[in-house]
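Here is a short report on how one protein chain is held together. Look at the strands, then the core, then the rings.

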Amino acid sequence: MSGHGHSHGQCQCEGQHDPAERGMEYGLFKKIDLERLECLNESSEGSGKLVFKPWEERQDRTKYVESDDDEELLFNIPFTGNVKLKGVIVMGEDDDTHPSEMRLYKNIPHMSFDDTGREPDQVFKMNRDVTGELEYTTKVARFSSVNHLSIHIAKNFGAEISKIYYIGLRGEWSESYRHEVTLCTYEASANPTDHKIDLITPQTHFIA
């Protein structure tokens with residue numbers, strides 16, 4: 001693959017932010033549809049979900065995912081709305097099991113390893129990060145409307161398997177357009193005779 005689309009991560013250290021504020025920035029894990037999240041080639045079923053956790057719990061090393069047959073892992077991450085993805089953190093061990101290359105794909109539900117031959121939306125050459133401080137900044141214009149994110153851990157530093165303790169996602173979330181259309185359709189079909197004057201509540205002041 002050519003160097004097109006490749007970029008290196010940029011470190012944004014915690015000293016630049018209030019810790020609580022940064023924890024809120026990395027709250028996108030709350031907007032993941034965990035029931036539908038998939039991790040391919042995980043050695044223990046369901047372990048891939050465990051690495052998406054609160055910022056303040058990223059140092060919890062009792063929850064992690066290891067790859068099974070080789071060093072590759074593929075996370076299929078569906079969101080509950082639209083996301084503007086701004087940054088990714090991947091935390092591992094200070095050894096060769098730490099991922100060394102990460103490929104991001106947007107809006108390709110149920111990706112398999114057969115699909116990873118296509119051109120990624122962005123590729124990062126990674127450094128070892130054992131504290132969860134190194135952020136890989138995305139091309140925001142390319143990741144401005146993401147309802148599904150696939151993270152392909154393509155390589156590590158030479159070990160037979162890869163190990164990850166934490167994946168942090170930074171960005172903004174909004175309700176999906178489809179949901180808004182449903183709400184508008186519902187409002188438009190409401191019967192005015194159903195709204196008696198004596199049943200008006202304070203919320204009706206917001207109705208134009």
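## Strand E5 and its neighbours

Strand E5 pairs with strand E6 (residues 122–125) in the antiparallel sense, over four bridges. Across this pairing, Glu-101 stands opposite Lys-125 in E6. Keep in mind that this is a predicted model.

E5 also pairs with E8. Again the sense is antiparallel, and here there are seven bridges. Leu-104 has Ile-151 in E8 as its bridge partner. Is E5 buried or exposed? Seven of its eight residues are buried, so E5 is largely enclosed by the rest of the structure.

## The nonpolar cores

The largest nonpolar core has 30 residues. Which of them touch the most other members? They are Phe-52, Phe-75, Met-102, Leu-149, Ile-151, Ile-167 and Leu-169. E4 gives the most, with eight residues.

Take Leu-149 as an example. Leaving aside residues up to four places away in sequence, Leu-149 touches Phe-75, Asn-76, Ile-77, Phe-79, Leu-85, Leu-104, Tyr-105, Phe-143 and Leu-169. There is also a second, separate core of six residues. Among them are Tyr-26, Trp-55, Met-91 and Tyr-166.

## Aromatic pairs

A search of the whole structure finds five aromatic pairs. One of them joins Tyr-26 and Trp-55. This pair is stacked, with 5.2 Å centre to centre and 25° between the planes. Tyr-26 lies in the loop between helix H1 (19–25) and strand E2 (38–40). Trp-55 lies in the loop between E2 and strand E3 (65–66). The two are 29 residues apart, and the pair links distant parts of the chain. Both Tyr-26 and Trp-55 are buried.

Now turn to Phe-52 and Phe-75. Their ring centres are 5.8 Å apart and their planes are at 80°, so this pair is edge-to-face. Phe-52 is in the loop between E2 and E3, and Phe-75 is in strand E4 (residues 73–91), so the pair ties together parts that are 23 residues apart in sequence. Phe-52 and Phe-75 are both buried. Elsewhere, ring pairs link Tyr-26, Trp-55 and Tyr-166 into a cluster.

## Charges over rings

Where does the charged end of Lys-31 sit? It sits over the ring of Trp-173, 4.1 Å from the ring centre. The charged end of Arg-61 sits over the ring of Tyr-165, 4.5 Å from its centre.

Methods. Residues numbered from 1 in each chain as written. Predicted model: local features only at pLDDT ≥ 70, side-chain atom pairs only at ≥ 80, totals over all residues. Heavy atoms only, no water. Phe/Tyr/Trp six-rings, centres within 6.5 Å; stacked < 30°, edge-to-face > 60°. Buried < 20%, exposed > 50% of the residue type's maximum accessible area, 1.4 Å probe, protein only. Lys NZ or Arg CZ within 6 Å of the ring centre and 35° of its normal. Core = buried A, V, L, I, M, F, W, Y, C linked by side-chain atoms within 4.5 Å. Contact = heavy atoms within 4.5 Å. Pairing = 2+ DSSP bridges.
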